[in-house]
Amino acid sequence: MDKIEGIINKRLMPMAIKVQNNKYMSAVSDGFSIILPITMLGAIFTLLSSMQFELYQNFLKFTHLATIFSYASKVTTDMIAIYVVCSIAYSLTVKLDFKKEAFFSALISLVLFFLLLPSGVEHQLESGDIVTIPNALATEYLGAKGMFMGIILGIVVPMIYCTILKKGIVIKMPESVPPTIAKSFASIVPAFILTGIFSLVRFGFELTPYGDANNFIYTILGGPLQNLGNSPLSFIILIIVAQLLWFFGIHGYMIIRPILQTVFIPLSLMNLAAFEAGEKLPNAITYQHYGTYANLGGSGALLGLAILMSFTAKSDRYKKLGRMALPATFFGINEPVIFGIPMVLNTVFFIPFLIGPILMFVIPYLLQVFHVIETLRGIQLPLGTPALVYGWLEGGLPILIVQALLIVVQVVLWFPFFKAADRQAILEERQVEEANNKENVETRDSVGEI
């Protein structure tokens, strides 16, 4: 463990510091940190509404709390791309030394995000006819599918905006004009130029088979994955792709889910039919292998990390985050950890974040190969089914035990990386405390002199 921690401190920590010092990469990381209250809020209400206990679910339906709890997630996690574009744009503008203009930069970025959204929504009438509402905005790209576009705009728009400001291409008002009004007028020309540029971008994409920029990005990311087949190697490749996308701030599972569903759900249904008929389960890999094993505790094998933060952290930062995030992570909701750390562009945690889900799949798969456990039954379980309960429903006591074993593996895997990060967090907290104490002493001295 000491050797591993030494390698982490010697190799990964310097790299992490370089990432933190890079304005553009750190802006993305800081942007996700800014929206932590939103992601935490969505996670809490999702957790409250999705715990799969029959008595509890009946209570939610009877009291209409199920409907009430659903409101929050619709305007938080389901619209995450909106908050991402604003927070990243704001953060980057501040880092580019235009702190006073950060609000206007974020606002313009949001406008351009909506400008690039495809318009026209199809709706099926009771008669079966499909009508198109031409001026309606499609909502599918407001959530995880639009997050990559949000990241792109959150970086590109402030770069152009700040460049225009540096060149002085603005409407300058007399000094007698209030600062707020002067800044508003100063943002008009950059906003006009940016809107013109991205209007041309939108028009250009409308001339292509993709139809719009969001669909282009989503297709380019998802298209190459369509050729993957049903094999352990394919499953591992999908896991790697999902984790790499998560590392860059893109909801990896949302990208690979269509491939997972297309390839592996039919196999799940075959296993389920065989289970109901009392026959041998035919397929070694099913769609449920992702939720039961690879995604245990959320993408990244994060349940083990949440346990470490909750019970072993010395720093206030990780201790408080762990205690807040652990319940949600136990129910498979990983956003509080991913965005609270954050995992985006986090080189210190990259190795366990990538390797963890692979181990979560490979270990039970090898147990299947050596006939220690059976493959999964193919039962489709809803979001929010807690760890261990998930395993029990998918395969009884043997799978529950395997999930418990995998949680232990997660803890062991994350331990050296977390201890290194926790130690760094303690140093940073001490530096902040010393700076605050020094500032308080200087303040008292200045007051005494007066």
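Helix H8 passes helix H10 in a right-handed crossing, where right-handed means that the near helix is turned clockwise from the far one by less than a right angle, and left-handed that it is turned anticlockwise. Helices are DSSP runs of H or I of at least four residues, strands are runs of E of at least two, and both are numbered from the N terminus. The model is a predicted one, in which local features need pLDDT of at least 70 and side-chain atom pairs count only at pLDDT 80 or more, while totals for chains, interfaces and linings use all residues. Residues are numbered from 1 along each chain as its sequence is written, and side-chain values use heavy atoms, with hydrogens and water left out.

The axes of H8 and H10 (residues 188-206) come within 10 Å and cross at roughly 135°. Axes here are lines fitted to C-alpha atoms, for helices over the stretch in contact, and angles run from 0 to 180 degrees between N-to-C directions. H8 and H10 are therefore oblique to each other; angles under 35 degrees count as roughly parallel, over 145 as roughly antiparallel, 65 to 115 as roughly perpendicular and the rest as oblique. On the H8 side the contact (heavy atoms within 4.5 Å) is made by Leu153, Val156, Val157, Ile160, Tyr161, Ile164 and Leu165, and on the H10 side by Pro190, Ile193, Leu194 and Phe198. These are eleven nonpolar residues, with no polar and no charged ones. Ala, Val, Leu, Ile, Met, Phe, Trp, Tyr, Cys and Pro count as nonpolar, Asp, Glu, Lys and Arg as charged, and the others, Gly among them, as polar.

H8 (residues 147-166) also packs with helix H7 (residues 102-116), at an angle of about 130° and with the axes 9 Å apart. That angle makes H7 oblique to H8. H7 passes H8 in a right-handed crossing. From H7 the contact takes Phe104, Ser105, Ile108, Ser109, Leu112, Phe113 and Leu116, and from H8 it takes Met149, Gly150, Leu153, Val157, Pro158 and Tyr161. By class this contact has ten nonpolar, three polar and no charged residues.

The whole protein has 20 helices and two strands. Of its 450 residues, 46% count as buried, meaning under 20% relative accessible area with a 1.4 Å probe and protein chains only; exposed is over 50%, and partly exposed lies in between. Among contacts between residues at least 6 apart in sequence, 72% join residues at least 24 apart.

Several loop residues deserve a look. Ser299 lies between helix H14 (288-294) and helix H15 (302-312), and is buried at a relative accessible area of 4%. Not counting residues up to four places away in sequence, Ser299 touches Gln243, Trp246, Tyr253, Tyr290, Asn334, Ile338 and Phe353. Its side chain makes a polar contact with the side chain of Trp246 at 3.2 Å. A polar contact is a pair of N or O atoms within 3.5 Å; within protein, one must be able to donate a hydrogen and the other to accept it, and residues adjacent in sequence count only if both atoms are side-chain atoms.

Most residues other than glycine have a negative phi, and most peptide bonds are trans. His64, in the loop between helix H4 (54-63) and helix H5 (65-75), has a positive phi of about 65° and is exposed at 53% relative accessibility. Leu388 has a positive phi of about 75°. The peptide bond from Ile341 to Pro342 is cis, with omega near -10°.
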